[in-house]
Each structure stands twice: as structure tokens, then as C-alpha cells.
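Please read it with the coordinates open.

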Amino acid sequence: MVTPVARREALEILKAKGLSERAACRIAGVSRRVTSYQLRQPGKDEELSGQLIEASARYPRFGYRRIAVMTDQSVGRVWRLWRSLGLNLPKRRPRKRRCGNDIRIPGATQPNSVWSYDFVHDRLANGGTLKLLCVLDEHTRECLAIEVGKSLRNQDVILTLSRLMRLYGKPAFIRSDNGAEFTATAVMKWLRDQNVGPAYIKPGSPWQNGFVESFNGKLRDECLNREWFVNRREAKIVIEKWRQFYNNERPHSALGNRTPASVGQQRWQNQSA
């Protein structure tokens, strides 16, 4: 089937070869009115197109589905304009799938029941080291803290958890890998004294800590890879700003396109009940 676009292209080719407009239209099988018709987008599409271009520039790693939620538009309409504007993200490499099965540690059933934490490493513009401790509530997906420093030890882990527990209350479990900072005797003793159970994943099984691993990927993709930090003070400010955006503005598909902060309000309602 010949598309209207193909017919228009054929018409232009025939006219370029010296045929009259009448003859070219007859051969291409189109009406002569086509030659004087100008394609136009409705005004509402022009306005939304501008919003999509602005949103794509501001959030270059977001796809059309998340942008549709943030602009309060239908996914179908946004996809049509998104594609016509050439805003599609490049396809990611397919991940290698693991063979076999594993026993997964049960996840959180309510807010503040299971936290997970992990380290992320990055570098400053001058090559200096940057180490981040990310703490996440597995049920609400809320990022409770991102501690930034040159190096973070087991004592820094204890201080961060102590501060967060004063703010949010104590979780039942804290999930982590078997890193030295998490399995240190001081950390394990402190958690035991707080009556909080450490939930260590199997060595070499990062998928068992999937919530925080997924968050780390978003942090790197949407913040760290886009920024060029001059010093750690700037890094702390920019990363904290992104954390606030992640919690309060960024819709999360696993939460029904709600924000983690809106789901996290259940924590306070449960505590006050």
C-alpha cells in the first residue's frame, strides 16, 4: 500500500522531471488540491510539543511514559508527538539473563519495615574520590539519605542510621551486601543493641538487593553521569537536590506513578495511629 507521504514524494519527483502539475498528479494518483495543502499541527499540539521538548531537555533520561505522567497527558498523545519530534531515547543493551533459580529474601510489606543500603562510587572533576551511602525504604522506594564523603567507614554508617532512626523510627530489618562497612563488628553490635535485624544477601548476588541496586542505577543515570562536580561541597548540594526531586516530584512506575514521598506519608499515619 502506497502511503500519502510516498505519493507526495512521487509527485515532487515527477514535477522535478518537467511534468506539468496536472500530469504529475494524474500519474501519482493524487488530487491537485494536495499541492496547495499545507500540513499544520493544531495549536494544542504545538503547545504540548514545546512542553515535551522542554521536559526532554530538563530530564534527558526520562522516556515518554514518565513525561506523560509529569505533564498530565495521555500516554498515546505524548507518544505520537514524542516520536514525531525525535525525542526517543537510544535503546539500552539487553542485559544478560542468569540461569537457574535462587531463593529471594522476603521484601517489605509496609513502610519502615525493611530498609536497604549500599555504596556508590564516583569521582570529582580533579580526579578526587567520591563515596556515597544510599539508604532506601523498600516499601515506599523513598530515599531516606545519600551521605557524601571522601571515604565512609563503619562509624559513618552507624551515625547515618542513628540519625535516620531518630527521624523515621526503627525498621525491622536492614538489607545490605557483605561489604566490610556493613559486616563490621561495630555495626552488627549497634544493630543488635537497636533490636534491628541485619539481612545480608548471598555473596555475589546483587539481585537480592534489587531495590537499592535499581535506585543506584537511577542516581547514576539521572544525576552523577550528568554532573561534573568541582568539589565535594558542590556534590553534596547537587545530589541532595536530586534526592528531593526523586522523592517529591519523580513519578515511580512501581508505585502506580505516585511519588515515593506520597507513599511515605503512610509511615507517619501508621505511627500516629
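This is a predicted model: local features need pLDDT of at least 70, side-chain atom pairs count only at pLDDT 80 or more; totals for chains, interfaces and linings use all residues.

1. Nine aromatic pairs turn up in the structure.

2. Tyr-64 and Trp-79. This aromatic pair is tilted. The ring centres are 4.9 Å apart, with 40° between the planes. Tyr-64 belongs to helix H4 (residues 64–71) and Trp-79 to helix H5 (residues 75–84), so the contact ties together parts 15 residues apart in sequence. Tyr-64 counts as buried because its relative accessibility is 17%, under the 20% cut-off. Trp-79, at 29%, counts as partly exposed.

3. Phe-215 and Tyr-246. Here the planes meet at 80°, so the pair is edge-to-face; the cut-off for that class is over 60 degrees. The centres lie 5.0 Å apart. Phe-215 sits in helix H9 (residues 210–222) and Tyr-246 in helix H10 (residues 232–248), so this pair links parts 31 residues apart in sequence. Is Phe-215 buried or exposed? Phe-215 is buried, at 2% relative accessibility. Tyr-246 is buried too, at 2%.

4. Cluster. Tyr-59, Phe-62 and Phe-245 make up one aromatic cluster. Phe-62 also takes a charge: the charged end of Arg-66 sits over its ring, 5.4 Å from the ring centre.

5. Lysine over a ring. Which ring does the charged end of Lys-131 sit over? That of Phe-119, with 4.4 Å to the ring centre.

Note on methods: Residues are numbered from 1 along each chain as its sequence is written. Side-chain values use heavy atoms; hydrogens and water are left out. Rings of Phe, Tyr and Trp (its six-membered ring) pair if their centres lie within 6.5 Å; planes under 30 degrees apart count as stacked, over 60 as edge-to-face and the rest as tilted. Helices (H or I, at least four residues) and strands (E, at least two) are DSSP runs, numbered from the N terminus. Buried means under 20% relative accessible area, exposed over 50%, partly exposed in between (1.4 Å probe, protein chains only). A charge sits over a ring if NZ of Lys or CZ of Arg is within 6 Å of the ring centre and within 35 degrees of the ring normal.
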